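Biologist: I have a structure to go through. Please show it, then take my questions one by one.

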There are 2 protein chains.
Amino acid sequence: MQLDEAKNQFIQAWGALGSSWGINRTMSSIHALLIASKDAMTTEEIMDTLKISRGNANMNIRALIEWGLVKREMVAGERKEYFSAGKDVWEIARQIAKERAKRELEPVTKIVADLQTIEDDSEDAKQFKETMANLEDFTSKVNGTLDKFIKSDKNWFYKSLMSLIK
Amino acid sequence: MQLDEAKNQFIQAWGALGSSWGINRTMSSIHALLIASKDAMTTEEIMDTLKISRGNANMNIRALIEWGLVKREMVAGERKEYFSAGKDVWEIARQIAKERAKRELEPVTKIVADLQTIEDDSEDAKQFKETMANLEDFTSKVNGTLDKFIKSDKNWFYKSLMSLIK
DNA sequence: TTAAACTTTCAGTAAATATTGAAAGTTTAT
DNA sequence: ATAAACTTTCAATATTTACTGAAAGTTTAA
């Protein structure tokens, strides 16, 4: 297999993975392309390689920057902007976990907490409240772990995980 | 707040959460409805409550059953099928993790392993292989943890998690 | 067996989401 | 100040994904 072919397959696979987890295909593909590339790339190069429009490239690069997965780089003497992605997989996972927890888990946790305040003592309501309480307990534990993970350096998490999986 | 209103909000929130994680809204809503309901429900009741068509209800109920999140129940003397969802949040998380890892993580892991076999010793290729190796290491660790999680009883995971987050 | 009670399928349609590309906006060098 | 080099925006459009509902299929009781 050639390097180019390998990169290509990686871009495909990463793009598909993203899209089945609710991240748009182009965003994941650009991310994959930058992960697989040694050097930083310009918008133009990204457009050409992935055969996407300027607008699409621009929007998704910006999204990746917002997620903290890609950063802008200036090359001395050049007017263009260059983009690169971190190669540290732990860091990538951390960033993704952080963003998604913030955007999607937190709002639900808030609602679930509220829902336990209903005043109704039917059997049905009792059971509902119990389920919500369990759910809150669970999400707060997940969040707690994520928080530690997010704040931790790679080593801390690595060690904990190792001891966890023995 | 009334119980019905609370259930409603929960259904909305759970549905939105699912859809931002690549699980369709109806599927998550039905799941939420069944989690929030003390008794098992028929297709008819689900259709009415969520205002969805028969076909949609049927397809998503079947998907939930495939995922192991919902089960059919027969009520003695009744011809209709009743459906209910487990209320144990740990079990739910376990089931979801298991299904998604199988469907979406495994294929990528396989590809990533392959991609390290390219024969090319440019700097660029060297770096690419290194990134892929890290990625493989990472996913295998995640998978290992998931496996333990999936096979474990609630207690095992609870204890491990507690020690992890201290 | 047959007909009522129920479940499943699927072609057509609707809704949500992503993409394009041209125009507007911004920055920089001279 | 201005024009070239570049970035951003957004309305129109294409693509993907989900939903409907009627028809076909299945099961059960008598």
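Modeller: Two strands pair if DSSP finds at least two bridges between them. Strands (E, at least two residues) and helices (H or I, at least four) are DSSP runs, numbered from the N terminus. This is a predicted model: local features need pLDDT of at least 70, side-chain atom pairs pLDDT 80 or more, while totals for chains, interfaces and linings use all residues. Residues count from 1 along each chain, chains are lettered from A, and side-chain values use heavy atoms, without hydrogens and water.

Biologist: In E3(B), what is the bridge partner of Thr42(B)?

Modeller: E1(B) and E3(B), residues 81–85, pair in the antiparallel sense over 2 bridges. The partner of Thr42(B) in E3(B) is Tyr82(B).

Biologist: Which are the edge strands of chain B?

Modeller: The open sheet has 3 strands in the order E1-E3-E2, with antiparallel pairing. An edge strand pairs on one side only, which here gives E1 (41–42) and E2 (70–74).

Biologist: At about what angle does H2(B) run to E3(B)?

Modeller: H2(B) lies across E1, E2 and E3 of chain B. Axes are lines fitted to C-alpha atoms, for helices over the stretch in contact (heavy atoms within 4.5 Å). Angles run from 0 to 180 degrees between N-to-C directions. The value is about 85°.

Biologist: How many salt bridges are there between chain A and chain B?

Modeller: A salt bridge puts a side-chain nitrogen of Lys or Arg within 4 Å of a carboxyl oxygen of Asp or Glu. Asp124(B) and Lys7(A) form one, at 3.4 Å, N to O. The count between the chains is 2.
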